[in-house]
Amino acid sequence: MQTQATELNTAVESMPITNNAGYSILKTLRNYGVDTIFGIPGTHNLEFYRHLAPLDMRPVTTRHEQGAGYGADGWAQQSGLPGVVITTSGPGLLNALSAAGTAYCESRPLIILSPGVPEGEEFADIGSLHETKDSTAAAGAIVEWSRRVHSATDAVAAIHDAFEMFRYGRPRPVHIEVPLNILESESDCAAVLLEARPLRAGQGAEAEALTTAAKLLRESVNPVILAGGGSIRAGAHVAALAQLLQAPVVTTLNGKGSLPESHPLSLGSDIRLPAAQDLCDNADVLLIIGSKVGESEMWGGKLAPRGTVIRVDILGSQANKNVSSDVALIGESAMIVEQLIEEIGAQDRPAADLAAVRAALRTQARALSPELSRIAEEAASVLPANTIVGGDSSQITYLGTASFIPQEHPHSFLYTPAYATLGYGLPASIGAKIASPDRAVVCILGDGALMFAVQELITAVEQRLDLVVVCVDNGGYAEIRSNEADRGIPAVGVDLVQPDWAALATAFGGTGHRITDAVDFAPTLQKAVQARGLQLLHVPVELFSATTTPEGN
């Protein structure tokens with residue numbers, strides 16, 4: 001029961017300070033173009049939330065902070081700006097760290113803002129609300145950097161430093177902790193410091209290395225380009241370089257769409273398949289743009305190039321990671337690829353014939369899972385060309401949609417191939433739809449992954465989004481079931497009870513569809529994409545187990 005004195009103290013404490021540190025931080029973000037914030041209001045972060053409406057910033061309240069982080073990731077990939085998450089202190093921040101780990105592993109721009117204990121109460125162990133031993137250190141073990149600031153000016157400087165990294169370095173998540181006494185106090189930051197810093201020219205390649213690389217590519221006979229996530233910044237220059245050299249382009253999953261997959265030189269995002277790896281190994285010059293060529297993208301395979309290797313990367317530390325380079329071009333891919341085009345000059349090359357390798361890739365991809373391949377191909381046959389496809393660490397994603405739903409634009413395939421987290425697909429799709437409301441967004445994921453973030457269905461409804469979710473039901477954790485069988489372990493903990501997915505979607509305020517015959521899947525999906533609101537299709541994999549796999553395509 002509140003006493004009169006308590007009520008008076010509460011009233012005084014809640015009196016607004018409209019120019020506090022929370023305002024300075026959010027105004028700076030707004031000046032950079034950020035207009036959407038993901039998170040959950042909490043007792044300690046309200047001086048962030050106070051300023052959202054006055055700054056015309058949209059709050060997206062997820063039902064778990066992990067979902068906020070993944071929603072921010074999906075939004076960032078569509079907007080070209082860093083995702084921003086506001087957590088409360090303690091558990092709110094810690095709940096978001098799985099998303100921070102994803103952003104670090106996949107090189108995604110993310111800013112996490114959290115309040116912290118007041119200055120002078122660090123490590124006090126006095127039983128305060130949300131008390132955490134060392135939140136800054138906890139986040140710092142996951143993100144690129146974590147800072148506990150000591151003034152509004154410090155906090156604003158941290159925002160500028162984050163944008164500096166996002167623009168000119170390897171984008172990775174950061175965490176800024178603002179002590180409560182700073183967050184709620186009058187800002188000491190001059191208004192001029194809140195302005196976004198102007199863009200400047202990026203870093204190009206060192207001249208000698210550029211000349212050497214251009215000569216190698218000019219004289220090459222069968223060059224190949226492997227484009228990773230770092231190639232996306234190069235935009236249309238990747239297509240121009242490929243065309244100039246008549247070089248086939250294979251991408252990683254993070255680089256999917258860096259070259260439109262309808263392009264005659266595109267071999268899609270199937271670097272994990274043997275036919276793509278053989279192509280790279282047999283090139284006389286292999287140009288790797290913005291990829292660490294990690295095992296998560298290679299699926300146990302390992303590139304062993306017989307020819308010369310040229311690597312383009314923002315960091316010199318990547319030049320020999322997993323695959324040694326003969327020539328390293330360190331700087332921004334957008335500038336370096338443009339430099340290469342200019343340095344190579346005009347070329348007169350015969351058109352590359354990729355029919356055989358393309359057919360081999362299709363055959364190898366279908367062999368991994370005929371059922372999931374068929375589901376993905378049928379989805380591709382009815383989805384609008386500009387559809388954003390959300391995925392998860394689900395078999396339908398890495399055995400189906402990754403290979404069989406082509407993308408014409410980067411960041412149109414939402415996935416985390418390296419961190420491989422469950423629970424990513426649905427909130428990431430929500431974030432993508434918020435940032436790109438005019439594009440169809442279809443989240444295709446497994447039942448296990450959907451259950452990790454099922455609460456975010458209500459977020460989609462609350463945000464009034466037209467979003468399609470396809471739940472491909474294999475009865476639990478089929479990948480781990482297979483792993484257990486490979487080790488001679490009887491199935492344990494992987495065969496899971498399923499809810500009535502269609503009824504669950506309806507209960508959340510959406511529309512559920514039960515697919516009971518394989519022939520109904522594609523037409524139902526097509527209608528769902530054209531419908532309004534949340535649409536969920538429940539698709540048991542077993543329906544496709546006896547279906548004839550199409551040839552060609």
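Is glutamate 164 buried, partly exposed or exposed?

Analyst: Glutamate 164 is partly exposed, because its relative accessible area is 33%, where buried means under 20% relative accessible area, exposed over 50%, and partly exposed in between, with a 1.4 Å probe and protein chains only. Before going further, please note that this is a predicted model, in which local features need pLDDT of at least 70 and side-chain atom pairs count only at pLDDT 80 or more, while totals for chains, interfaces and linings use all residues. Residues are numbered from 1 along each chain as its sequence is written, and side-chain values use heavy atoms, with hydrogens and water left out.

The side chain of glutamate 164 meets that of arginine 200 in a salt bridge, at 2.7 Å from N to O; the term stands for a side-chain nitrogen of Lys or Arg within 4 Å of a carboxyl oxygen of Asp or Glu. Glutamate 164 lies in helix H8 (residues 152-168) and arginine 200 in the loop between helix H9 (180-183) and helix H10 (207-218), so this pair ties together parts that are 36 residues apart in sequence. Helices here are DSSP runs of H or I with at least four residues, and strands are runs of E with at least two, numbered from the N terminus. Arginine 200 is partly exposed, with a relative accessible area of 46%.

As a general point, side chains of opposite charge can pair when their charged atoms come close. A search of the whole structure finds 16 salt bridges, and one of them joins arginine 148 to glutamate 177, with the closest N and O atoms 2.7 Å apart. This pair links distant parts of the chain, since arginine 148 is in strand S5 (residues 145-148) and glutamate 177 in strand S6 (residues 174-179), 29 residues apart. Arginine 148 is buried because its relative accessible area is 17%, and glutamate 177 also counts as buried, at 4% relative accessibility.

Aspartate 500 lies in the loop between helix H21 (478-486) and helix H22 (501-507), and arginine 514 in strand S16 (residues 511-514), so the pair ties together parts that are 14 residues apart in sequence. Aspartate 500 counts as partly exposed, at 39% relative accessibility, whereas arginine 514 is exposed, because its relative accessible area is 51%.
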